[in-house]
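Please have the structure open while reading.

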2 protein chains.
Amino acid sequence: MSQDQTADRTEGDLRNTGMSLRHDRTWDYELDRIVEAVEERDAEKVGLQFPEGLKRRGPAVADDLRELLPDGTRVMISGQPCYGACDLDTYLMRRTDVFVHFGHSPMKDSEKIIYVPLFSNVDVVPIMEEAVEKLETSDVGLVTTAQHMNKFEAMREWLEERDFTVHTRRGDDRLTHEGQVLGCNYASADIDADQVLYVGGGKFHPLGLAMEHPDKKVVIGDPVNNVVEVADTDQFLKQRYASVHKAMSAEKWGVIFCTKIGQGRWEQANEIVENNENAYLITMDEVTPDRLRNFDMDAFVNTGCPRITTDDGPRFHKPMLTPGEYEIAVGNKPLDELSFDTFHGTW
Amino acid sequence: MSQDQTADRTEGDLRNTGMSLRHDRTWDYELDRIVEAVEERDAEKVGLQFPEGLKRRGPAVADDLRELLPDGTRVMISGQPCYGACDLDTYLMRRTDVFVHFGHSPMKDSEKIIYVPLFSNVDVVPIMEEAVEKLETSDVGLVTTAQHMNKFEAMREWLEERDFTVHTRRGDDRLTHEGQVLGCNYASADIDADQVLYVGGGKFHPLGLAMEHPDKKVVIGDPVNNVVEVADTDQFLKQRYASVHKAMSAEKWGVIFCTKIGQGRWEQANEIVENNENAYLITMDEVTPDRLRNFDMDAFVNTGCPRITTDDGPRFHKPMLTPGEYEIAVGNKPLDELSFDTFHGTW
C-alpha cells in the first residue's frame with residue numbers, strides 16, 4: 001500500500017491488520033486443493049477472494065491457477081473489500097462453481113467454499129523469548145490468529161518446556177481453532193489466567209482482546225514486525241467515552257443493519273428501532289464515513305462489525321456507537337457498563 | 001453536501017447530478033401510492049431507496065410514512081450508494097414486501113418496485129426563453145431528464161408556438177419516456193436535427209449527450225441553476241485521449257464486471273478476458289479508486305457504468321478505459337474510432 005494511504009490511520013485501524021506486512025513472505029496458496037475441487041465439480045467458473053492486503057497478489061495467483069486448470073475455466077477475482085471470514089463476496093460465491101476465500105479460517109462449514117488460511121512461515125521462537133520477559137506469573141493464556149495457527153502447538157510446547165502452565169480454549173462457533181482470536185471474538189481467551197500472550201502479526205487483535213478482557217494483561221509478541229509490548233487500550237477507551245458523551249444529546253439516530261453475510265444482527269437492530277421513535281433503520285454492506293455523510297442524523301448505532309465502530313469511529317462525521325454504548329447514551333444503562341462489543345455465532 | 005466534498009469534483013462528476021441542487025424544493029413523494037401498495041400486499045417491511053442527493057430527506061419521508069402506515073410496519077432506508085434506476089439495492093428489494101425507489105423513472109417494469117420519479121416543480125419557461133437564442137435553425141431536438149418529464153409536453157408546445165420544428169424520440173428499452181435521457185443513454189437524441197435543446201438540471205446529462213452526438217450542437221437550458229450554455233466536451237475528450245495514450249503501454253489489465261443489477265455487461269467483459277492472457281476479470285459493485293488501488297494492474301477497463309470511467313477517470317491511480325477505448329489502446333481499432341460508451345437495454 002502506498003504511503004499516502006497509511007498516513008491517516010489511527011492505531012488499531014481495520015486496515016492495520018496482520019495482512020498488511022512490512023516484510024514480504026511466500027504464502028502457500030494450496031493451489032492443488034483448488035485444482036482438485038475444480039476437477040471434482042467439473043467447475044467452469046472459479047471465484048477468488050483476497051483480503052485487502054493480499055489483493056495485489058490476486059493476478060499472480062490467477063496466473064498460476066490458469067496454468068493448472070483445464071482450458072476454458074474462467075477465473076474471477078472479487079473486487080469487493082474483504083475484512084474477514086465474515087465478509088464473503090456472496091455475489092461471486094453464488095455465481096461460481098468453486099469459490100476460494102484466502103487469508104481466513106472457516107467461520108462456517110460449507111461445501112461450496114474453499115478456505116485457504118495462508119499460514120505464515122515466520123519463526124515465532126525469537127519473539128517469544130523476548131515476550132515471556134513481560135509475563136508476571138507462570139500461568140498464561142495463549143492465543144493467535146489464523147495466520148499463525150500452524151505454529152500453535154509449537155508455541156504451547158515451547159512455553160511448557162519453560163515451565164509455564166498454558167491455558168487455552170477453543171471459544172465458540174465463530175472460531176475454527178483452539179486458541180484462535182478474531183477481531184470481533186475473544187472467547188478463546190476466557191481462560192483462568194490473569195495474563196494472555198498473543199503471538200501474531202499486528203496490534204489489531206491484541207487491542208481488541210485487551211478491550212474485551214480489561215482485567216487481563218495482554219502481552220504482544222509480534223514476530224512479523226518484531227515487536228514486543230503490553231497492549232494499551234487507553235486511547236481506545238478515551239475515544240469510546242468521548243463518543244458516548246457526544247451522542248447523549250442526539251435526537252435522531254441512524255441504526256445500521258449490516259447486510260454482509262457474517263456481520264448482521266437483525267434482532268438487535270430491530271429492537272433499537274422499535275423502542276425509539278427517533279431511530280431509523282439503515283441497511284448497507286460497507287459502513288463508511290462517505291456513505292453516512294448523506295444522512296441527516298445526530299448519531300449512529302452500528303450493529304455490524306464492532307471494529308468499524310471502535311477503530312474507525314473518529315472518521316465518521318457523527319458519533320458512531322456499538323449497541324451497548326447506545327444503551328448507555330440513551331440512559332438505559334449506567335456509564336460503567338461500557339464494554340467491548342463482540343460477535344458470536346456464525347450466520 | 002459539505003464544501004470539502006465538492007472541492008475535488010471534476011466537471012461532469014457523477015455526484016454533480018441534477019439531484020444535488022442549490023435551491024431547495026418540495027418534492028411529491030407520492031406517499032399515497034406507497035400506502036396503497038402496503039395495504040394491498042399486507043406488507044410488513046417497506047424499503048426506501050434514495051439517490052445520494054436526497055438521502056438526507058430519508059428520515060423525514062420515513063416519518064411521514066410511518067404516520068400513514070399500519071402500526072408495526074417496518075420502514076427501512078437503503079444506505080447503499082445510488083446513482084440511477086440501474087442501481088437498485090437488490091438486497092433490500094428482495095427482503096422487503098414493498099420497495100420504493102425514489103428519483104428515477106422505471107428502467108424495467110416490475111410488480112415489486114414502486115418508482116417515484118420526484119418531478120420538479122421549477123418553471124422551465126424563463127430559461128427556455130434565454131436558451132432558444134443559442135439555437136441556429138428552427139429544427140431542434142428536445143430532451144430532458146426524469147425530473148422534468150412532467151413538463152415535457154409543455155416544453156414542446158412552447159417551442160412549437162414559436163415556430164420550431166421539434167424532433168423527439170422515445171429511444172430504447174432503457175428509457176421510460178419520449179425525450180428522456182440517462183447519463184448512459186442518449187438514444188432519444190437520435191433525431192434528424194443538428195441541434196438539441198436539453199432542458200433540465202445540471203450538466204451531467206447534456207455533456208454525455210454532446211459526447212455521444214459530437215456532430216450535434218447541444219444547448220443547455222438549466223432552470224434549476226439558472227444557466228444557459230452550449231455543452232463543451234473539450235476537457236472530457238482531452239482526458240479520454242490522455243487515458244487511452246497512457247494505457248497503450250499497459251501489460252496487465254484489470255477488467256471490471258460490475259455486479260449492480262442494471263450495470264452488468266458480462267459478454268463484453270468475458271470477451272476481453274478470453275482474448276487477452278494478461279487480462280484479469282474483477283467483479284465488484286461500487287467501482288471506486290480505493291477499491292482498485294489494491295490491485296497491481298497497469299490499466300483497467302470498466303464494463304460497468306460508463307460515467308464512472310469518463311467522469312471519475314482521473315481519480316483512479318491507473319488509466320481507466322471504456323471497452324471501446326480498450327480496443328484502441330491494445331491496437332484493435334484506430335484512434336479515430338474513439339466514441340462515447342453508452343448502455344442499452346435493461347437487465
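Across the interface of chain A and chain B, the rule finds 24 residue pairs in polar contact, with both residues of each pair at pLDDT 80 or more. The side of chain A that touches chain B draws at least two residues from each of α3 (58–68), β2 (74–78), α4 (90–94), α9 (266–274), β11 (279–284) and α10 (289–293) of chain A, and β11(A) gives the most to that side, with 6 residues. The model is a predicted one, and the values below are computed from its atoms.

**Interface between chain A and chain B**

- By residue class, the side of chain A that touches chain B divides into 19 nonpolar, 9 polar and 16 charged residues.
- In terms of contacts, 44 residues of chain A meet 44 residues of chain B, and the two chains bury about 3700 Å² between them, of which 49% is on carbon and sulfur atoms.
- The count of salt bridges between chain A and chain B is 2, and one of the pairs that bridge the two chains is B:Glu274 with A:Arg74, whose closest N and O atoms are 3.0 Å apart.

**Relation of the two copies**

- Chain A is superposed on chain B by a rotation of 180 degrees with 0.0 Å of shift along its axis, the RMSD being 0.0 Å; the two copies are therefore related as by a two-fold rotation axis.
- Because 100% of the interface residues of chain A are also interface residues in chain B, the copies meet through the same surface.

**Domains of chain A**

- The domain assignment divides chain A into domain 1 (26–116), domain 2 (125–230) and domain 3 (234–337).
- The C-alpha centres of domain 2 of chain A and domain 3 of chain A lie 30 Å apart, and 8 residues of domain 2 of chain A are in contact with 5 residues of domain 3 of chain A.
- Between them, domain 2 of chain A and domain 3 of chain A bury about 560 Å², with 67% of this area on carbon and sulfur atoms; on the side of domain 2 of chain A that touches domain 3 of chain A, the residues divide into 5 nonpolar, 2 polar and 1 charged.

**Salt bridges in the structure**

- Over all chains, the structure holds 38 salt bridges, and among them is the one that A:Glu136 forms with A:Lys217, where the closest N and O atoms are 2.7 Å apart.
- This pair links distant parts of the chain, 81 residues apart: A:Glu136 is in the loop between α5 (125–131) and β5 (139–143) of chain A, whereas A:Lys217 is in strand β8 (residues 217–222) of chain A.

Technical notes. Residues numbered from 1 in each chain as written. Chains lettered and ligands numbered in written order. Predicted model: local features only at pLDDT ≥ 70, side-chain atom pairs only at ≥ 80, totals over all residues. Heavy atoms only, no water. Least-squares fit on C-alpha atoms with pLDDT ≥ 70 in both. Contact = heavy atoms within 4.5 Å. Domains from an automatic or database assignment. Buried area = accessible area lost by both parts, 1.4 Å probe. Nonpolar A, V, L, I, M, F, W, Y, C, P; charged D, E, K, R; others polar. Salt bridge = Lys/Arg side-chain N within 4 Å of Asp/Glu carboxyl O. Polar contact = N/O pair within 3.5 Å; in protein donor to acceptor, adjacent residues only side chain to side chain. Helix = DSSP H or I, 4+ residues; strand = E, 2+ residues; numbered from the N terminus.
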